[in-house]
Amino acid sequence: MAVRVKRTGLGVKIGDEVLSVLMYADDVVILSENHNELQEMLNAVTEYGRDFNVRLSKEKSQVLVVNGDDSVDDRIWMVGGNEIKRTKEYKYLGIWLDDKGCEKTKHERIARANQWVGRLGSVARCRANKYEVVRGLWKGVAVPSIMYGLETMVWSRKELDRLEVTQNKAGRIALRANRYVAVEAIRGDMGWSTSERG
């Protein structure tokens with residue numbers, strides 16, 4: 001199917017490349033610059049389904065318009081002879097997308113970081129070696145769950161700063177440092193860089 005869609009030459013232009021399909025297991029995402037091109041790509045999917053006797057689920061197939069104008073509201077898309085409904089949000093590999101991009105996922109990640117700080121505070125109260133336990137949990141469990149897919153989203157300086165503040169709170173818990181200890185000292189003692197650099 002990906003080959004058929006790519007043969008259309010359509011998709012989202014990224015530099016000199018054109019990205020038309022994302023595939024993982026049985027999840028397929030078709031990317032297009034506009035609604036007419038999307039329908040042409042969906043026609044290629046329909047032909048593939050017909051040629052290889054592949055049934056396409058109209059219940060699982062949806063269209064998400066990102067940064068679109070109002071003229072697209074009445075648009076109808078078809079695949080396999082079925083109309084595809086428009087959705088307001090879509091989750092792909094753990095990343096929520098909506099008509100504004102990945103805002104929901106970014107807010108979830110910031111909230112998750114704050115939840116981890118709360119958990120680490122509880123764990124630290126019960127451990128003799130707070131530094132090793134908190135640092136290990138933060139680096140080995142919390143950070144990967146927070147940072148997963150981070151590079152696929154555009155983060156504002158303000159959003160990254162919020163993640164930094166949360167990481168600094170985790171460092172303060174591990175080091176039993178009060179709020180007057182400089183952030184640079186916490187990062188240095190914890191061996192951490194900024195979240196922007198990982």
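Glu103 is partly exposed, because its relative accessibility is 28%. The cut-offs: buried is under 20% relative accessible area, exposed is over 50%, and partly exposed is in between, with a 1.4 Å probe and protein chains only. A word on the source: this is a predicted model, where local features need pLDDT of at least 70 and side-chain atom pairs count only at pLDDT 80 or more, while totals for chains, interfaces and linings use all residues. Residues are numbered from 1 along each chain as its sequence is written, and side-chain values use heavy atoms, with hydrogens and water left out.

Now the partner. Glu103 forms a salt bridge with Lys106, and the closest N and O atoms are 2.9 Å apart. Salt bridge here means a side-chain nitrogen of Lys or Arg within 4 Å of a carboxyl oxygen of Asp or Glu. Both residues lie in helix α3, three residues apart, about one turn of the helix. Helix α3 covers residues 103-125. Helices are DSSP runs of H or I, at least four residues, numbered from the N terminus.

Is Lys106 buried or exposed? Buried, because its relative accessibility is 4%. What does Lys106 touch, leaving aside its neighbours within four places in sequence? Met153, Val154, Trp155 and Glu159 are in contact with Lys106. Contact means heavy atoms within 4.5 Å. Look at Val154. Its backbone oxygen lies 2.7 Å from a polar atom of the Lys106 side chain. Then look at Glu159. Together, Glu103, Lys106 and Glu159 are linked in a network of salt bridges.

Let's step back. How many salt bridges does a search of the whole structure find? Seven. One of them joins the side chains of Arg4 and Asp51, at 2.8 Å from N to O. Arg4 lies in helix α1, residues 2-7, and Asp51 in helix α2, residues 35-52, so this pair ties together parts that are 47 residues apart in sequence. Asp51 counts as partly exposed because its relative accessible area is 48%.

Last pair. Lys100 forms a salt bridge with Asp99, with the closest N and O atoms 3.9 Å apart. Lys100 is exposed, because its relative accessibility is 61%. Asp99 is partly exposed, because its value is 35%.

Methods: Helices (H or I, at least four residues) and strands (E, at least two) are DSSP runs, numbered from the N terminus. A polar contact is a pair of N or O atoms within 3.5 Å; within protein, one must be able to donate a hydrogen and the other to accept it, and residues adjacent in sequence count only if both atoms are side-chain atoms.
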